[in-house]
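Subject: Structure handover

Dear colleague,

Please find the structure below. Notes on what was found in it come after.

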Amino acid sequence: MAIIKSGKVVIILAGRHAGKKAVVIKNIEDGNSGDKRFSHCLVAGIARGPRKVTRGMSKKKVEKRSRTMKPFVKYINVRHVFPTRYQVDMDLKKAVDEADLVGDKKVEVKKNLKKIFEDRYLNQREITSEKKAAGSSYFFQKLRF
């Protein structure tokens with residue numbers, strides 16, 4: 001039974017995005033015959049999170065501060081991720097096509113991810129499931145350690 005499934009919030013442990021949170025899009029358990037012969041997963045996360053928001057700020061200012069989000073998308077070794085107990089119900093499989101991750105199309109993928117992340121961040125109150133809402137709020141919080 002795999003712990004790392006799509007939609008699971010993970011923390012990246014190694015590399016340039018170490019200490020950042022990400023969501024698993026696809027898990028490849030056995031590896032592939034090409035360059036990655038180890039179990040790995042495709043993750044999309046936040047390289048730079050949204051800025052701090054307080055209750056007294058206007059709606060316009062909240063939107064402006066949430067636009068600072070910068071996403072990343074990459075393949076990563078399963079040993080370099082730490083699965084959390086949180087689950088997110090963002091539909092990232094449609095936004096990230098594996099064929100688009102090579103070349104210039106990766107920029108477009110990141111732009112689409114940014115829109116999805118910003119939309120979810122600004123509309124967190126509309127999530128019906130309590131479990132998914134907890135996962136979403138955890139995903140956008142800065143990791144304190």
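Predicted model: local features only at pLDDT ≥ 70, side-chain atom pairs only at ≥ 80, totals over all residues.

Residues are numbered from 1 along each chain as its sequence is written, and side-chain values use heavy atoms, with hydrogens and water left out.

Aromatic pairs

A search of the whole structure finds five aromatic pairs; rings of Phe, Tyr and Trp (its six-membered ring) pair if their centres lie within 6.5 Å, and planes under 30 degrees apart count as stacked, over 60 as edge-to-face and the rest as tilted. Y86 and Y138 are a stacked pair, because their ring centres are 4.2 Å apart and their planes stand at 20°. Since Y86 belongs to strand β5 (residues 81-87) and Y138 to helix α3 (residues 130-140), this pair ties together parts that are 52 residues apart in sequence. Helices (H or I, at least four residues) and strands (E, at least two) are DSSP runs, numbered from the N terminus.

Y138 counts as buried because its relative accessibility is 16%; buried means under 20% relative accessible area, exposed over 50%, and partly exposed in between (1.4 Å probe, protein chains only). K21 lies over the face of Y138, at 3.7 Å from the ring centre. For such a placement, NZ of Lys or CZ of Arg must be within 6 Å of the ring centre and within 35 degrees of the ring normal. Elsewhere, F117, Y121, F139 and F140 form one aromatic cluster.

Helix packing

The axes of α2 (residues 105-122) and α3 come within 10 Å and cross at roughly 115°. Axes are lines fitted to C-alpha atoms, for helices over the stretch in contact, and angles run from 0 to 180 degrees between N-to-C directions. From α2, the contact (heavy atoms within 4.5 Å) is made by F117, R120 and Y121, and from α3 by S136, F139 and F140. These residues divide into four nonpolar, one polar and one charged. In that division, Ala, Val, Leu, Ile, Met, Phe, Trp, Tyr, Cys and Pro count as nonpolar, Asp, Glu, Lys and Arg as charged, and the others, Gly among them, as polar.

The axes of α1 and α2 also come within 10 Å, crossing at roughly 140°. Here V62, E63 and S66 of α1 meet E118, Y121 and L122 of α2, a set of three nonpolar, one polar and two charged residues.

In α3, the buried residues are G135, S136, Y138, F139 and F140. Their cover includes β1 (8-12), β2 (21-28), β3, β5 and α2.

R120, in helix α2, is buried, with a relative accessible area of 16%. Leaving aside neighbours within four places in sequence, R120 is in contact with V88, D89, M90, I127, S136 and F140.

K8, in strand β1, is buried too, at 13%. Beyond four places in sequence, its contacts include A22, T84 and Y86. The C-alpha atoms of K8 and D89, 81 residues apart along the chain, are separated by 8.8 Å.

K52 sits in the loop between β3 (40-48) and α1 (59-66) and counts as exposed, at 66% relative accessibility. Not counting residues up to four places away in sequence, K52 touches M57 and R65.

Regards
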